[in-house]
Every structure is written in C-alpha cells, then in structure tokens.
Amino acid sequence: MTTTDPAVGRPEAPGLVYSPPVPLLVPVPPPPPAKRRGYSTGFWGIALVITTESMIFLALLASYFFLRATSHQWPPPGIEKPDLQTGWIFSVVLIGSSIPVLWAEVAIARGKVGQLRAGLMISFLMGTAFLLYTYDDFQKLHFGWKDNAYASIFYVTVGLHSLHVLAGLLISLVTQVKAWLGLFDAEHHVSVQIFSLYWHFVDGVWIFVFSSLFLSAHIR
Amino acid sequence: MATTEVPPPSVPVHPDDAADHERHEQLEAVWGDPPGILGFFKTVDHKRIGIRYIYTSFIFFFIAGLLALVMRAQLAQPNGTVLGPQSYNEFFTMHGTTMIFLFNTPVLAGFGNYLLPMQIGTRDMAFPRLNAFSFWIFVLSGIFLYSSFVFGKAPDGGWFAYTPLTDRVYSGGVNLDFWGLAVIFTGISTTVGAINFLVTTFKLRAPGMTLNRLPIYVWSMVVFSFMVLFAVPVVTTAAGLLELDRLFGTQFFVPAHGGSTLLYQHLFWFWGHPEVYILFVPATGMVSLIIPVFARRALAGYIWIVTALVAVGFISFGVWVHHMFATGVPSLAMSFFSAASLIITIPSGIQFFAWIATMWRGVVKLTTPMLFMIGFLLIFLLGGISGVMVSVLPFDWQVTDSYFVVAHFHYVLNGAVVFPIFGALYFWLPKMTGRMLSERLGRWSFWTMFIGFNLAFFPMHILGFLGMPRRIYTYPGGLGWDTLNLIVSIGSLVFALGTLLTLINFFWSRTRGEHALPNPWSADTLEWATTSPPPDWNFEAIPLVESRHPLWDQQPLPVCASEPGPGLEALGPEGALARTTPFTTGLRAEPADTMHIPEATYLPFILAVGVAVIIVGLLIDAVLVGVLGLAIGGVGLLRWAWRTGEH
Ligand code: HEM
C-alpha cells in the first residue's frame with residue numbers, strides 16, 4: 001500500500017482510506033454454496049406484482065367505503081342490495097379452486113405430471129364457472145355503471161376482479177399446454193409456481209371484494 | 001485527482017495477455033448486441049438501458065426547463081404578453097408533470113439500472129427483458145404526452161388535475177385524457193422497474209455481500225422500490241377512475257351522482273406525498289455514497305442511516321392529508337397528519353447529521369461532485385425548514401396555494417433532488433462514458449446553478465408572504481411584486497445557463513476528456529472494480545465481498561473462480577462465458593443457483609408498442625385501435641410467458 005493518498009494529494013493519515021485507481025484482482029476459490037436453493041426470481045417477481053396489485057384493490061375498496069360514508073343511503077334509492085345466494089355458491093367454487101392447484105403443485109414437486117395436469121384442469125373449470133357466473137350476474141343487474149357512484153364502483157371493482165380471473169385462466173392455459181407437452185419435472189416447474197401464486201391471489205382478493213361489496217352491503 | 005495520459009486500461013485478472021485477448025473476444029461474442037439499428041431495439045443490457053434512461057430523462061428535463069423559462073419570461077414584468085392564460089395553464093401543467101413523471105422518477109430509475117447491478121457485483125438485472133420493457137414504456141409515454149402539444153391539446157389542469165375542474169363537464173377536450181393516460185402509462189414503467197430492483201437486490205448479490213454490507217445507495221433503491229410498489233398503484237387508480245369518468249361516463253368524482261371530489265384528492269395524495277420521498281430517498285442514497293468518498297472516511301452511522309431511510313419510507317405514507325389541510329378534513333385527523341409531517345423531519349435530521357459528521361471527521365476534497373453535495377446540504381436545510389413551517393396548520397392556511405409553496409417544493413424537488421443528480425452525473429459519467437468531465441467547467445456550472453437557484457427560488461418565499469398566488473398567468477403592477485418577480489426570472493435564466501454548462505461539459509468530455517481509470521475517485525464500491533466503461537458482462541469473475549467497503553478494505557480484491565456445483569459454476573470467468581450470473585440467497589448471499597441471462601430480443605419493444613397502441617385507442621375512443629393494441633400486446637405476452645422460467 002502506498003503512503004500517499006492521491007485523492008487528497010497528501011500523506012495518508014491514520015484512519016483514512018485509499019484505494020488504487022486500478023484495483024488489483026486475485027482469483028480465489030468460491031465460498032461454500034447455500035444449503036437451500038430458495039425460490040426463483042420469477043417467483044419473487046410475481047409475488048411483488050401481487051403486492052402492488054393488492055394496493056389497487058385496496059384503493060378501490062377504500063374508495064367504496066369512502067363513497068358509502070359520504071352518502072345518505074347505500075345502495076342509493078332504486079337499487080336493490082346485491083344478491084347473495086348464487087354469490088355464496090360461486091364464491092365457494094372460486095376459492096375452492098385453489099385446492100386443486102395446491103394439489104397439482106405438490107404433485108409436480110414429486111414429479112407426478114399426470115396429477116399436475118388433472119389439478120390444473122379442475123381448477124381451470126372451476127374458475128371458468130365463476131367467470132360465467134360473474135357475467136351472468138352483470139347481465140341481471142338493473143343498473144348501469146353510469147347511474148351513480150355506487151353503480152360505478154360496483155362495476156369497476158367486480159369487473160377488475162373478473163379481468164384478473166380471466167388473466168389467471170389464460171396463464172393457466174399456457175401452463176397447461178406446457179404441462180401436456182411434458183416440459184415440467186420435479187426440478188423445473190417455475191411456471192407452475194408462478195401460476196399457483198397468482199391464482200391464490202385472485203381467489204384471495206375475491207374474499208375481500210365479496211365481503212365488502214356483497215356482504216357488508218347487507219349490514220346497516 | 002488520479003487521471004493520467006495513459007490509454008484506457010483494463011483490469012488485469014490474469015496477467016497473461018494473449019490468452020486474455022482471446023477470452024475477451026469470446027466474451028464479446030457471447031454478450032454483445034447484434035450490430036446496428038436492430039441491436040438498438042433488442043438490447044437487454046442494464047448499462048445500455050440505464051444510460052438511455054438517463055439521457056432520455058435529461059431531454060425531458062431540458063424541455064420542461066424551457067417551458068419554465070417561458071413562464072418566467074411571462075411573469076418577469078407585470079401585464080406580460082408572452083403567454084395567454086390558456087397557454088400558461090398548459091405550460092405549468094406540462095412543466096410539473098414532465099418534471100415529476102418524465103424526469104425525476106425515470107432519471108433515478110436510470111441511475112439505479114446502471115449502478116445497482118454493478119454495486120452488488122452481478123452481471124445484469126434479475127429481469128433484463130422487463131427492464132428493456134420499462135424503458136420503452138417510459139419513452140413511448142413521454143412521446144405520447146408531448147404529442148398533445150402537436151395537436152394543440154396539451155393538458156391544462158395542473159400537475160395534480162383536481163376534479164371537478166378536470167371532469168368532462170369542465171374540461172371537455174382530450175387535453176386531460178393525455179394527462180390521465182400518460183400517468184397510467186408511466187406508472188407501468190415505474191412499477192416494473194421497482195419489482196426488478198427488489199428482486200435483483202435480494203437475489204443477485206455477490207457472495208459475501210450480506211445485507212449489512214449493502215452499499216447505502218442500494219438500500220435507498222430498495223426503499224424507493226418498496227414505496228413505488230405501495231404508492232404508484234394508488235395514483236394509477238386515481239387516474240384510472242378519472243379516465244373512466246371522462247371516457248366511459250362513470251360517476252366516481254361527480255357529486256351530483258353520489259361521487260366525491262375529495263376522494264380524488266385522497267387517492268392522489270396518498271401517492272403524491274410518498275412520491276416526494278420516492279424522489280428524495282435515492283437522491284440521499286447518492287449523497288451518502290459520494291460524501292464519504294470525498295471525505296476520505298467511511299460514512300458515519302451506517303445503521304442509523306439505513307434505519308432512517310426505512311423510517312422515511314413508512315412515515316411518508318402517513319402524511320398525505322397535509323396537502324389537503326385547507327379542504328375541511330376533520331380537525332382531529334388534521335392534527336394527526338400535522339404531527340406525522342413533523343415527525344418525518346427526525347429521520348431526515350439523522351441523515352443530515354450523519355453527513356455532517358462524516359465530513360467533520362474526514363479530509364474533505366472539494367471536487368465538483370462534492371460541491372454539488374455541499375450545495376445540496378444547504379438547499380436541503382432551507383427546504384426542510386420551509387417544510388416544517390407548512391406542516392404547522394395555521395401557517396399552512398396562510399400560505400397554501402401561494403408562491404411560498406412553489407418556493408418550498410422547488411427547494412425540495414429542484415434543489416434537494418436535482419443537485420444530487422448533477423453531482424451523481426459528475427461522479428458516475430466517467431464510469432459510463434470512460435471520459436472524465438472537466439473539473440473547471442464543472443465548478444463554473446455548480447456555482448452558476450447554485451447562485452441562479454437561490455436567486456430564482458428564494459424570493460418566491462417572500463412573494464408568497466406578499467400574497468402572490470401560484471398559477472396566475474399575469475399580475476397588475478404596483479402590488480410590490482415587480483422587483484422580486486424580475487429577480488426570480490433572472491435567477492431562473494442563470495440556473496438554466498448553469499445546467500447548460502454541464503451539458504456542454506458532457507459533450508466536450510466525449511471527445512476531449514481524459515480517459516477515466518477504473519477507479520478515478522478512489523471510491524469504495526464495486527462498480528469501480530471494473531473498467532470505465534465496463535464491459536458488457538460487468539465482471540469477468542464475481543468479487544468475493546468481505547467488507548462494507550470492498551475496494552477500501554480488500555486490497556487486492558478477491559474474485560471467485562468457478563467450480564462445479566449449483567451457483568458456483570457461474571462465479572468465475574466460465575460463468576461469464578456461458579452468459580450466466582450467480583443467484584445467491586436473500587440474507588446471507590451464499591451462492592445458490594445459476595441464472596441464465598436472456599438473449600437480446602424484440603419482445604419488450606413489441607409489448608411496449610402494444611400497450612402504447614391500447615392507450616392511443618383509449619385516447620381517440622377507437623375500439624379497433626384498442627383491439628389492435630391488445631393483439632400486439634397479447635402475442636408478445638404469450639411468447640414471453642412461453643419462455644419464462646426455463647419452463
Ligand atoms: C429549471 C428550473 C425550474 C424553474 C425555473 C421552474 C419554474 C417553475 C414555475 C415558474 C412554475 C409555475 C408556478 C406557478 O405559476 O404556479 C413551476 C411549477 C412547478 N414546478 Fe418548476 N421550475 C424548475 C424546475 C423544476 C423541477 C426540477 C421540478 C421537479 C422535479 C419542478 C416541479 C414543478 C412542479 C410540480 C410545479 C407545479 C405545477 C403546477 O402548479 O401544476 N420544477 N416551476
């Protein structure tokens with residue numbers, strides 16, 4: 001090490017640091033590897049996508065309650081409270097569709113491709129059933145999104161959630177095609193993990209949307 | 001300063017020249033982009049993307065600065081005739097919007113893109129293609145916003161576009177649609193970037209770089225990214241609901257139909273205030289990195305500063321209502337938000353004292369970057385004080401919407417963010433271009449900017465006290481505002497000249513500047529361990545980190561050799577040859593796996609164009625265009641999903 005620190009142009013004082021303008025590198029053997037491999041970058045990426053998307057739903061639900069708090073009657077006169085009966089059934093269907101996904105993910109971690117295909121297919125059908133229900137529910141509504149703020153927030157929140165279900169189904173399709181082509185094994189199935197996480201998110205959000213927009217509307 | 005008249009040096013890994021040369025050619029073949037214009041659209045290299053980010057956002061900085069100068073020309077004298085009321089509205093809206101969305105945020109993302117992977121000792125970002133995607137989205141959204149000028153329909157609702165002024169009853173044209181859609185558009189870019197920074201930081205650090213050894217700048221980018229993830233979706237929601245109101249006739253912000261204008265303000269400021277800190281935090285990260293280098297001493301109170309950064313991140317989400325003190329929010333709520341606004345000064349104060357202590361105990365060398373840092377400290381002190389003043393309720397009621405507020409946020413945004421950015425340019429451009437900037441011109445630039453800045457923005461405080469409201473396009477003479485306004489306008493011009501000097505310096509350095517050595521400032525972080533400019537693969541062999549200041553404490557710097565095994569194979573030169581980078585564990589940074597870096601591809605560009613076409617479709621209300629955009633985007637996305645995660 002030199003005694004003159006060129007960055008300051010005077011002798012190196014105790015406690016000061018100096019590093020040469022052209023660093024010297026020496027090869028050394030690598031450190032010992034980690035015991036566990038951990039999740040892939042893709043997995044963490046989708047986890048963060050979910051974080052930020054949750055904030056969108058949070059903002060919408062907060063807006064719902066804000067609008068509700070500032071209005072005299074909720075839902076406004078002339079609009080019936082949301083229908084719960086079919087809502088319950090299909091909520092159970094949607095949230096239940098997480099179970100076959102869990103099952104499929106555990107299966108592929110053990111290399112069982114058949115179970116993976118089956119699990120993905122079952123959840124896909126359940127998700128599709130839910131989407132058809134939402135479509136039908138929208139058809140039956142007696143109000144349009146332009147009628148008032150209640151109608152607007154209802155359409156937009158439920159509609160945005162349906163779009164997420166749709167996106168989830170599309171990801172499921174890609175994953176299923178990959179599964180049928182036999183691209184996954186016990187070691188390589190990042191796509192399955194990504195889809196699985198996303199699907200649980202879509203299901204989880206519905207719990208909040210359903211309890212806010214459907215259940216809580218019946219509480220006075 | 002340690003520059004000499006030697007040809008650009010390379011870092012000797014192995015002293016054997018001939019073998020060195022051959023390996024370099026192989027590496028070039030593996031890492032280089034396809035030549036020409038095609039390669040331009042295909043690149044996924046974080047350094048190229050980072051530099052493009054920085055250059056593009058500076059173009060927007062100069063455009064928005066020009067808009068400001070025209071505004072100041074208008075206001076230089078009473079009854080000015082340069083701009084009419086409508087153009088003035090458009091100008092301040094575009095100026096504010098550009099500075100926040102198209103300059104400050106992206107320029108910080110650009111520095112992050114360039115520096116973060118090198119500071120943590122890896123070969124690229126975790127999602128190189130997403131990185132390119134977020135850049136293209138940023139460029140296209142900027143072009144989109146500015147095309148409004150071409151059609152004579154620039155947004156005119158102020159940079160926060162409050163309803164009901166901005167709903168379709170009171171702002172009929174497409175002006176505000178340009179604004180709303182551009183905000184959503186840039187939001188995508190910022191969010192994607194933030195996700196990328198976080199995963200990169202937590203999964204790709206060089207072995208041995210525990211969280212405790214993370215450079216402070218990387219910490220600041222982590223806080224930045226988390227704040228973006230929680231704040232930006234909310235402004236996207238605000239702008240999205242506004243656009244739904246405007247384009248599809250929903251009633252969110254229309255009181256006559258049960259909507260609420262206050263809701264828009266809540267949503268907007270829930271993002272808006274953290275946004276100020278989103279900009280400020282990476283700027284302080286740069287300061288915390290640069291000051292120790294020129295104080296020749298390690299940063300005082302590393303742990304304290306990290307804690308302060310994280311605290312700022314949290315508290316900043318609890319202060320949004322202070323922008324709305326004058327709107328009739330319940331008084332208990334207001335007291336809470338006022339208190340929170342005061343508390344946030346504590347972490348900022350901690351940082352401030354840590355910087356002072358670092359310089360106090362060190363031997364300060366006044367280079368140009370350091371001058372900018374000291375200028376920053378002075379300006380930040382004033383901006384902080386005026387910030388404390390406006391967080392006190394009765395004071396806020398007096399000065400709200402006056403020039404005092406304009407002065408305050410320019411001290412914070414233009415002073416406390418732009419000065420560190422200029423310092424960072426002088427500090428890191430040699431690394432990026434391989435050429436040193438002129439110190440002399442740099443000093444001139446700093447002093448011109450510093451004097452111009454204070455001349456321009458300090459008198460605004462007084463103008464505020466004298467009752468001059470913001471956003472007025474002209475004023476009558478004889479109110480006692482004339483001289484001060486003239487000073488402000490002259491100051492703005494001087495400030496602008498100062499920035500111009502740096503621009504000239506930049507172009508001068510490209511051909512005339514001295515060649516930069518790998519570590520011209522004798523700095524401590526890993527980006528200085530590689531050549532200036534760095535090769536496409538950053539590090540042929542990944543450094544083994546054992547200290548918070550690797551280049552200061554580890555001489556010579558150990559770099560890993562490859563060994564068979566998960567992660568280990570990517571560490572050495574063989575890993576670079578295979579276009580891979582090691583994947584390490586989140587906390588302790590132990591090698592865990594090998595990550596393959598994707599090849600250059602058109603996908604990001606295609607997908608960004610798809611999004612842009614959708615946005616244009618929404619703007620002109622054309623379903624067909626929207627569907628076309630969906631189709632382009634869909635094809636790109638499908639192809640992408642197909643290739644994700646090696647199945
Ligand atoms: C080049 C130096 C700059 C000058 C001379 C300048 C000047 C101005 C002027 C004259 C206004 C209009 C004030 C009014 O009439 O209410 C303004 C507004 C604004 N400026 Fe700057 N500015 C500069 C740099 C910046 C920077 C760097 C930022 C942020 C990063 C910034 C952010 C804003 C914002 C947010 C507004 C408010 C726009 C609105 O009212 O909607 N400015 N500036």
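A cavity is a set of points, on a 1 Å grid over the protein atoms alone, where a 1.4 Å probe fits but cannot get out; its lining residues have an atom within 4 Å of a point. The model is predicted: local features need pLDDT of at least 70, and side-chain atom pairs count only at pLDDT 80 or more. Residues are numbered from 1 along each chain as its sequence is written.

**Stop 1: the iron.** Select His95(B) and His410(B). Their NE2 atoms coordinate the iron atom of the ligand at 1.9 to 2.0 Å. His95(B) sits in helix α4 (residues 85–119) and His410(B) in helix α14 (residues 403–415), 315 residues apart. Helices here are DSSP runs (H or I, at least four residues), numbered from the N terminus. Both His95(B) and His410(B) are buried (under 20% relative accessible area, 1.4 Å probe, protein chains only).

**Stop 2: the largest cavity.** Now select Phe101(B), Thr105(B), Thr186(B), Ser189(B) and Thr190(B). Of 19 lining residues, these lie nearest the centre of the largest cavity. The space is about 190 Å³, a volume being what probe spheres set on the grid points fill, with points joined across faces, edges and corners. Colour α6(B) next: eight lining residues come from it, the largest share.

**Stop 3: the second largest cavity.** Move to Ile216(B), Ser288(B), Leu289(B), Asp524(B) and His549(B). They lie nearest the centre of the second largest cavity, which 13 residues line. Its volume is about 100 Å³. Finish on α8(B), which gives three residues, the largest share of this lining.

Methods
Chains are lettered from A and ligands numbered from 1 in the order in which they are written. Side-chain values use heavy atoms; hydrogens and water are left out. Donors are N, O and S atoms within 2.8 Å of the metal (3.2 Å for Na, K and Ca); water is not among the atoms, so sites may look incomplete. Helices (H or I, at least four residues) and strands (E, at least two) are DSSP runs, numbered from the N terminus. Buried means under 20% relative accessible area, exposed over 50%, partly exposed in between (1.4 Å probe, protein chains only). On a 1 Å grid over the protein atoms alone, a cavity is a set of points where a 1.4 Å probe fits but cannot get out, and a pocket is an open set with protein on both sides within 12 Å along at least five of seven lines; lining residues have an atom within 4 Å of a point.
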